[in-house]
Amino acid sequence: MSGATDEPFIAAVKPLVNAVGGQLIPPDEAGPDDVVLAWKGADAVAVRLPQLADSLDRILAALERRQGRPLADLDRRTKQEIVRSLEARGAFAVRHGVETVASALGVSRFTVYNYLNREKGS
């Protein structure tokens with residue numbers, strides 16, 4: 001996938017790619033939706049980004065790890081904060097985003113919409 005001079009660059013971008021759920025691939029295997037990264041004037045590696053729905057599942061799993069317990073077990077205020085942070089990250093632009101978040105939080109879609117509307121009303 002890379003020459004010896006590319007390895008520090010690839011090692012540097014790998015944590016970011018992993019954090020967003022992407023995949024490193026050889027630049028010559030990149031498709032039209034992949035992002036090719038150049039290093040020192042040459043294509044070094046390509047990044048295949050995950051589908052948006054997969055990203056939402058990944059974000060929810062990371063939030064659950066950070067909280068140290070299932071999101072459904074959190075108190076109302078914390079759930080509202082999570083909905084706020086997810087909205088800021090564009091989670092509700094994803095098809096079925098509200099349903100996915102509601103399921104993870106153990107609340108109804110109506111409750112998620114209430115949390116969203118409460119923010120807009122304040």
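**A first look around**

Trainee: Let's start with Ala44: buried or exposed?

Mentor: Ala44 is buried, because its relative accessible area is 0%. Buried means under 20%, exposed means over 50%, and partly exposed is in between, using a 1.4 Å probe and protein chains only. Keep in mind that this is a predicted model, where local features need pLDDT of at least 70 and side-chain atom pairs count only at pLDDT 80 or more, while totals for chains, interfaces and linings use all residues. Residues are numbered from 1 along each chain as its sequence is written, and side-chain values use heavy atoms, with hydrogens and water left out.

Trainee: Got it. Where does Ala44 sit?

Mentor: Ala44 belongs to strand β3. Strands are DSSP runs of E with at least two residues, helices are runs of H or I with at least four, and both are numbered from the N terminus. The C-alpha atom of Ala44 is 6.5 Å from that of Pro27, although 17 residues separate the two along the chain.

Trainee: What order do the strands take in the sheet?

Mentor: The order is β1-β3-β2, in an open sheet of three strands with antiparallel pairing. β1 (23–25) and β2 (35–39) stand at the edges with a single partner strand each, so one side of each has no neighbour in the sheet. Two strands count as a pair if DSSP finds at least two bridges between them.

Trainee: How many bridges join β2 to β3?

Mentor: Five bridges join β2 to β3, which covers residues 42–48, and the two run antiparallel. Along that pairing, Val35 faces Val47 in β3, and Trp39 faces Ala42.

Trainee: And how many for β1 and β3?

Mentor: Three bridges there, again in the antiparallel sense. Gln23 is the residue standing opposite Arg48 in β3.

Trainee: Speaking of Arg48, which side chain makes a polar contact with the side chain of Arg48?

Mentor: Asp34 does, at 2.7 Å. A polar contact is a pair of N or O atoms within 3.5 Å; within protein, one must be able to donate a hydrogen and the other to accept it, and residues adjacent in sequence count only if both atoms are side-chain atoms. The Asp34 side chain also reaches the backbone nitrogen of Gly31, at 2.6 Å.

Trainee: Where is Asp34, and is it buried or exposed?

Mentor: Asp34 sits in the loop between β1 and β2. Asp34 counts as buried because its relative accessible area is 13%.

Trainee: Now the turn between β2 and β3. What's up with Lys40 there?

Mentor: Lys40 is in the loop between those two strands, and the hairpin has two residues between the strands. Lys40 has a positive phi of about 55° even though it is not a glycine. Its relative accessible area is 67%, so Lys40 counts as exposed.

Trainee: What phi does His96 take?

Mentor: A positive one, about 65°, and His96 is not a glycine either. You'll find His96 in the loop between α3 (76–88) and α4 (97–105). With 45% relative accessibility, His96 is partly exposed.

Trainee: Switching to the helices, where is Asn114?

Mentor: Asn114 is in helix α5, residues 109–121. Asn114 is partly exposed, at 33% relative accessibility.

Trainee: Last topic: how much space lies in the largest pocket?

Mentor: About 200 Å³. On a 1 Å grid over the protein atoms alone, a pocket is an open set of points where a 1.4 Å probe fits, with protein on both sides within 12 Å along at least five of seven lines, and lining residues have an atom within 4 Å of a point. Points are joined across faces, edges and corners, and the volume is the space filled by probe spheres set on them.

Trainee: Which helix gives the most to the lining?

Mentor: α2 does, with six residues. α1 (7–19) and α2 (52–67) each supply at least two residues of the lining. Among the lining residues are Asn18, Val20, Ser55, Arg58, Ile59 and Arg89.

Trainee: Great, thanks!
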